[in-house]
Amino acid sequence: MRSNSVLALCLSAACARAAAARPLNVVATLPELADIASRVGGDRVKIDTLAHGSEDIHQVVMRPSLVPKLNRADAVVYLGLTVEHTFLPGLLNVAANPNLREDAVKQCAGSGCIDCSEGLSVLEKPSSLSRSEGEIHPSGNPHYNLDPEDGALIARNIAAGLSRVDPEHAADYKKNLTSYLVELDEKLALWRKRVAPLKGVKAVSYHQDVAYLARFTGIEFVGTLEPKPGVAPTPAHLEKLVQLMKRDQVMLIVREQQYAPKLPEWLAQKTGAKVAVIATMGKALPATETFIKMSERNLESLLDALGKAP
Ligand SMILES: [Zn+2]
């Protein structure tokens, strides 16, 4: 698609060669998606990232400087399930790129859209689409980037998307994908053994973003500090949570790095549970700049909090 449109404007063989040699301009919404896209794309892609790791994924600021990047992008890589709804559709609207159009439901429509959630078995899917009462997961839980195993799904979707946009280099993307999956598989085998002490541990999290992490670790999450996703904790809800944690002997509180430590620390004092801080985006914490490093650091944080560090 890309090379065809460029070729239509090119009259010389030299021009065609230059177009084929140009790396794809790829924009990733999140740092860990940019990392995987750079691994799969290799030297065929030039990548920009929209969100800073320290931001709340649900409230990334729409910086005007991001618009030109999207305007000239060949592809955009995103987590999907509407988690980027506060910034991605709005930026696409202003960027006016015919291959990356704003879409109210899927966030992005067009040949360059690479939705990493394609084929995901979505957890915590609500029975009706609604953003009432602050609900920010209307399409189901979008935080599958916290399950280390879903790195493979993300990488496969990126490889398929890049091959669709740039079919003449599909073999390169396939080769890079295979090499990335080998590296990830080796890590997954190690991590599955490392997280054995987490199986059956009862925990609460600040936000309802741990369903996929729970699937990998075996942690049993029994509540959240937020009464509903995106709704700030209330004194009455927290008091109920204290009672629940005492009754169920909850040992672990997961604080996602974008939330202030005050309430989780208060809860820890009240219940004796330990706090683990995790990154919900790459680059959110030190040593989380790649998907693999972020996954590893999160698992080690959970183990550390329970005194299970090596
Ligand atoms: Zn969320």
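Biologist: Is Asn-157 buried or exposed?

Modeller: In this model, which is a predicted one, Asn-157 counts as buried, because its relative accessibility is 15% and the cut-off for buried is under 20%. Asn-157 is part of helix H6.

Biologist: And which residues is Asn-157 in contact with, leaving aside its neighbours within four places in sequence?

Modeller: With those neighbours set aside, Asn-157 is in contact with Ile-114, Asp-115, Cys-116, Ser-117 and Glu-118.

Biologist: Let me step back to the whole protein. How many helices and strands are there?

Modeller: The protein has 11 helices and 10 strands. Its radius of gyration is 21 Å, close to the 19 Å that the globule rule gives for 310 residues, so the protein is as compact as a globular protein of that length. The C-alpha trace spans about 75 × 40 × 30 Å along the principal axes of the protein.

Biologist: What share of the residues counts as buried?

Modeller: The share is 52% of the 310 residues. As for the accessible surface, the protein has about 13,700 Å² of it, and 56% of that belongs to carbon and sulfur atoms.

Biologist: What about contacts between residues at least 6 apart in sequence, how many of those join residues at least 24 apart?

Modeller: Of the contacts in that group, 63% join residues that are at least 24 apart.

Biologist: How far apart are the mean positions of the positive and negative charges?

Modeller: There are 36 positive and 35 negative charges in the protein, and their mean positions are 1 Å apart.

Biologist: Moving on to rings, how many aromatic pairs does a search of the whole structure find?

Modeller: The search finds 2 aromatic pairs. In one of them, the rings of Tyr-144 and Tyr-212 have their centres 6.3 Å apart and their planes at 75°, and the pair is therefore edge-to-face, since planes over 60 degrees apart count that way.

Biologist: Where do Tyr-144 and Tyr-212 lie?

Modeller: Tyr-144 lies in the loop between strand S6 (113-115) and helix H6 (150-165), while Tyr-212 is in helix H8 (residues 211-217), so the pair ties together parts that are 68 residues apart in sequence. Both Tyr-144 and Tyr-212 are buried.

Biologist: And what about Tyr-206 and Tyr-259, how does that pair sit?

Modeller: Tyr-206 and Tyr-259 form a stacked aromatic pair, with 4.1 Å from centre to centre and 5° between the planes. Tyr-206 is in the loop between strand S7 (202-205) and H8, and Tyr-259 is in the loop between strand S9 (252-256) and helix H10 (262-271), so that this pair links distant parts of the chain, 53 residues apart. Tyr-206 is buried, with a relative accessible area of 9%, and Tyr-259 also counts as buried, at 10% relative accessibility.

Biologist: Which loop is Pro-261 in, and is it buried or partly exposed?

Modeller: Pro-261 is found in the loop between S9 and H10, and it is partly exposed, with a relative accessible area of 39%.

Biologist: New topic: which residues have a positive phi although they are not glycine?

Modeller: Leu-81 is one of them, with a phi of about 55°, and Glu-124 is another residue other than glycine with a positive value, near 55°. Leu-81 is found in the loop between strand S3 (75-78) and helix H5 (88-95), where it is buried, with a relative accessible area of 15%. Glu-124 is found in the loop between S6 and H6 and counts as partly exposed, at 40% relative accessibility.

Notes: Residues numbered from 1 in each chain as written. Predicted model: local features only at pLDDT ≥ 70, side-chain atom pairs only at ≥ 80, totals over all residues. Heavy atoms only, no water. Helix = DSSP H or I, 4+ residues; strand = E, 2+ residues; numbered from the N terminus. Rg over C-alpha atoms; globule rule 2.2 N^0.38 Å. Buried < 20%, exposed > 50% of the residue type's maximum accessible area, 1.4 Å probe, protein only. Contact = heavy atoms within 4.5 Å. Areas by Shrake-Rupley, 256 points an atom, 1.4 Å probe, with all protein chains shown as cover. Lys, Arg positive; Asp, Glu negative; His and termini not counted. Charge placed at Lys NZ, Arg CZ, Asp CG, Glu CD. Phe/Tyr/Trp six-rings, centres within 6.5 Å; stacked < 30°, edge-to-face > 60°.
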